[in-house]
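Please keep the sequence and the model open while going through the points.

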Amino acid sequence: MALAITIGFPRTGSKRQAKLALESFWKGKSSEAELLAAFRAVDAEAWGAQRAAGVSRVALDGTHYDQVLDMVAALGAAPARFKHLSGLDLYFAMARGAPGAPALDMSKFFDSNYHFMVPELDEGFTPRPDFAPILDRLARGQATLGKDAAVPMLIGPVTFALLASTPLLPSAVVARILPAYAELLAALAGAGAPEVQLHEPALATDRGAAARAEYEAAYRALSGAGCPINLVATYDDLGEAYPWAVRLPVASLTLDFCGVPGAAIPNATLALVEAHGWPAGKRLGVGCVDGRSVWADDEAACAALLARLRAAGAADLAVTSSVSLQHLPWDITAETALPAKLAPRLAFAVQKLAAIARLASGAVAPASGASWGAAPVDSVQEIPRSMFDRAERFEERRAKQLQFPPFPTTSIGSFPQTAQVRRLRAQLKSGALDRPAYEALIDRQIALAVGIQEGLDVDVLVHGEAERTDMSEHFGMQLSGMVFTTNGWVQSYGSRYVRPPIIAGDVAFVAPMTVREFKVAQDLTSRPVKGMLTGPVTILNWSFPRKDLSRRAQAFQLALALRKEVAALEEAGCRIVQVDEPALREGLPLKSSKADSYLSWAVDAFRLCTTVAAPSTQVVTHLCYSDFGDIMQPIIDMDADVLTIENSRSGDAMVRALAAAGYTADLGPASASLTAQDRAPTTPHVHSPVVPDAAFLEAKLRSFLDTGILAGAPERLWVNPDCGLKTRAWEEVIPSLRNMVAAAHKLRAEV
Ligand code: GLN
Ligand code: ZN
């Protein structure tokens with residue numbers, strides 16, 4: 001027997017109630033009281049589902065927007081620009097911005113696809129705690145679950161410090177916030193909490209492993225606060241931090257025994273426990289039900305794992321998920337359109353709860369001889385090395401590609417997804433439009449996009465992506481081997497939810513996916529139109545992968561399928577093919593020791609997809625959503641002819657880093673943010689659409705030139721926005737592009 005516990009659950013509601021409540025409140029259609037009532041119902045639904053499944057200690061997950069932002073609010077750590085605000089106004093202003101007060105930055109939460117609000121602490125920061133919302137949550141949890149089952153969950157102090165953007169050292173941040181944490185823990189104990197979860201995923205990263213002194217100081221101080229602590233340190237194994245981390249003075253430690261499905265270097269938690277032992281008297285939370293995977297777990301193997309852990313000296317066990325279940329959709333039984341034989345093999349959050357409870361009850365017989373955490377099957381069909389290389393080197397092939405005047409202009413792919421465009425797709429789906437009628441209307445959108453770009457005198461055109469709902473779904477739906485849910489929503493951030501595709505079998509090319517739209521656009525203009533694909537690594541990183549095959553093998557299958565699309569575009573006369581890899585960095589493991597193997601197959605997958613292009617075909621790639629400063633060499637190794645890179649938030653740091661790393665191919669460093677990136681906003685301007693003026697854009701271009709990159713080859717310095725423009729309105733896009741072209745022409749005239 002073990003304890004069944006949870007460490008987080010979807011905060012969306014089973015039917016996206018949280019999103020709907022937020023949107024109606026933001027539109028002014030509901031009151032604050034109605035919003036709060038809706039969220040109380042969402043919490044009660046989630047907690048009720050956990051109790052019904054037989055979980056005996058339920059983490060009181062639930063948030064109006066983000067759990068890190070909740071901690072910012074609880075600590076009273078709002079930046080000074082929000083001083084005039086309080087309560088929910090303050091909370092949502094930090095999340096979304098307010099007039100004159102841009103939102104906090106947003107960043108990926110460890111290696112998940114969830115994005116959190118980055119705490120911003122200035123030098124003089126002193127906490128002004130407000131614990132009322134956390135205590136209210138505990139009281140509601142106790143009313144729903146009973147006192148023994150309701151466990152508050154908080155971001156731990158060291159992870160909070162390490163996630164913050166601040167000039168202060170982590171040790172200084174920890175020292176300043178510790179008294180507040182201690183006070184909070186005492187208050188929770190006083191209110192009857194049996195324990196508190198402090199989530200410290202940073203412990204699984206290089207920075208966390210280096211923060212031993214901070215961890216020891218923090219937990220020594222908190223151990224006296226009167227509330228037993230369950231330190232939840234998931235998202236990877238603890239690696240070299242394990243020997244000291246397990247000795248931190250806490251009642252329980254909860255660890256990730258699964259890691260990333262299909263990772264090249266498997267999660268080592270079991271090996272660490274068996275090598276270093278487990279301290280007597282401490283509860284071990286066994287995260288063996290895979291919180292990152294939609295596939296049903298091998299419960300017999302989990303039971304065997306529990307037996308091995310007991311044999312290794314861990315007598316007091318709790319069973320839980322490997323990471324918070326917030327990364328999974330709610331309930332597989334809400335899916336009615338999936339292939340019948342697939343559904344029983346899948347498990348969403350509710351099904352994972354049942355697995356946790358079964359394992360904890362001891363009802364599952366352990367598999368005999370099961371090996372836990374072995375490396376995934378990595379069988380890749382024989383691919384000759386030559387398929388990873390272009391036929392000619394960049395310098396040779398560049399001369400055979402289309403030539404342009406200095407500072408050629410282009411854009412990244414998508415144009416405004418207007419209400420009209422979205423309606424077309426909805427009508428196709430509902431059957432109100434048949435395919436020919438739909439395509440004829442899409443073609444009008446393409447003609448509009450081409451006409452506008454010609455009118456603005458852009459050099460390399462795009463068709464505008466009006467037919468795409470989403471840059472990975474559009475491809476996944478046309479490939480074999482991927483399936484799509486109807487209700488499988490997962491929170492990406494705040495009120496933004498996504499439905500990641502599921503890779504359910506071998507992925508293969510079926511028929512051309514983008515050629516029709518390319519041809520329609522190219523037939524309308526004598527200027528070159530770019531072919532536009534999403535790359536294999538991005539499709540993989542935004543999907544739920546298989547568990548029976550390595551991620552590398554799955555990336556190569558996608559690459560081989562997309563390689564056929566590159567060839568099909570070429571055959572249709574396309575001279576420039578763009579393969580977007582905005583999520584390249586998202587798959588990067590948390591520990592640098594695991595990064596190389598990921599980067600090497602990720603780069604290989606991109607090359608496998610693109611090297612089919614003839615020397616005379618220009619291969620473009622586009623990267624965005626993160627800072628790529630630490631992976632310059634892999635980016636160079638992608639061997640694209642043109643790299644367009646989101647650059648607006650790092651000054652020219654990215655361009656300088658590329659120059660320093662010896663980058664020599666064509667470059668399109670975004671001259672300014674023309675977009676408000678919808679998935680992971682990264683710029684302070686994100687919530688306040690701007691039309692950058694020509695003088696600003698010109699200055700930006702000159703600053704790129706000052707970096708010395710591509711000296712003497714201005715015909716290879718591309719001028720383009722930072723990302724696709726699908727979330728913008730034409731009213732912003734047209735003047736922005738006009739100014740961008742004007743800036744390029746100004747510089748062109750000087751050459
Ligand atoms: N071609 C895509 C677009 O323009 C690229 C989007 C992205 O990088 N996220 O929308
Ligand atoms: Zn982008």
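**Notes on the sheets, helices and ligand shell**

1. In this predicted model, five strands make up an open sheet whose order is β16-β17-β18-β19-β20, and the pairing in this sheet is parallel. At the edges stand β16 (530-534) and β20 (666-669), each of which pairs on one side only. From one strand to the next, the twist averages 20°.

2. Strand β18 (residues 618-623) pairs with strand β19 (residues 642-645) in the parallel sense, over four bridges, and H622 has T644 in β19 as its bridge partner. When tracing a strand by eye, remember that side chains in a regular strand alternate between the two faces of the sheet.

3. A second open sheet has seven strands in the order β1-β11-β10-β9-β8-β7-β6, again with parallel pairing. Its edges are β1 (3-4) and β6 (153-155), and because each has a single partner strand, one side of each is left without a neighbour in the sheet. The partner of β6 to examine is strand β7 (residues 196-199), which runs parallel to β6 and is joined to it by three bridges; here I155 has H199 of β7 as its bridge partner.

4. Helix α13 lies across β1, β10 (283-289) and β11 (317-321), and runs at about 165° to β11. Helix α13 (residues 349-361) also meets helix α2 (residues 32-53), for the two axes come within 9 Å and cross at roughly 35°. Where α2 passes α13, the crossing is right-handed. On the α2 side the contact is made by A49, Q50 and A53, and on the α13 side by V350, L353, A354 and A357.

5. Is V58 buried or exposed? V58 belongs to strand β2 (residues 58-59), and it counts as buried because it has 27 C-beta neighbours inside 10 Å, where 20 or more are needed. Leaving aside residues up to four places away in sequence, V58 touches T6, W47, Q50, R51, L145, A149, A150 and V151. As for D43, it is 15 residues from V58 in sequence and 12 Å from V58 in space, taken C-alpha to C-alpha.

6. In helix α4 (residues 87-96), the buried residues are Y91, F92, A93, M94 and A95. The elements that cover these buried residues of α4 include α3 (67-75) and β4 (115-117). Just after α4 comes G97, whose phi is positive, at about 90°.

7. Strand β13 (residues 490-493) and strand β14 (residues 496-498) run antiparallel and are joined by three bridges, with Y493 standing opposite R496 in β14. The hairpin of β13 and β14 has two residues between the strands, and in this hairpin G494 takes a positive phi near 40°.

8. Which residues are the closest to ligand 1? They are I412, G413, S414, P582 and G724, within a surrounding set of 13 residues. The shell around ligand 1 divides into six nonpolar, four polar and three charged residues.

Definitions and conventions
Residues numbered from 1 in each chain as written. Chains lettered and ligands numbered in written order. Predicted model: local features only at pLDDT ≥ 70, side-chain atom pairs only at ≥ 80, totals over all residues. Pairing = 2+ DSSP bridges. Axes fitted to C-alpha atoms, helices over the stretch in contact; angles between N-to-C directions. Near = placed C-beta within 6 Å. Nonpolar A, V, L, I, M, F, W, Y, C, P; charged D, E, K, R; others polar. Buried ≥ 20, exposed ≤ 12 C-beta atoms within 10 Å, placed from the backbone. Contact = placed C-beta atoms within 7 Å. Left-handed = near helix turned anticlockwise from the far one by under 90°.
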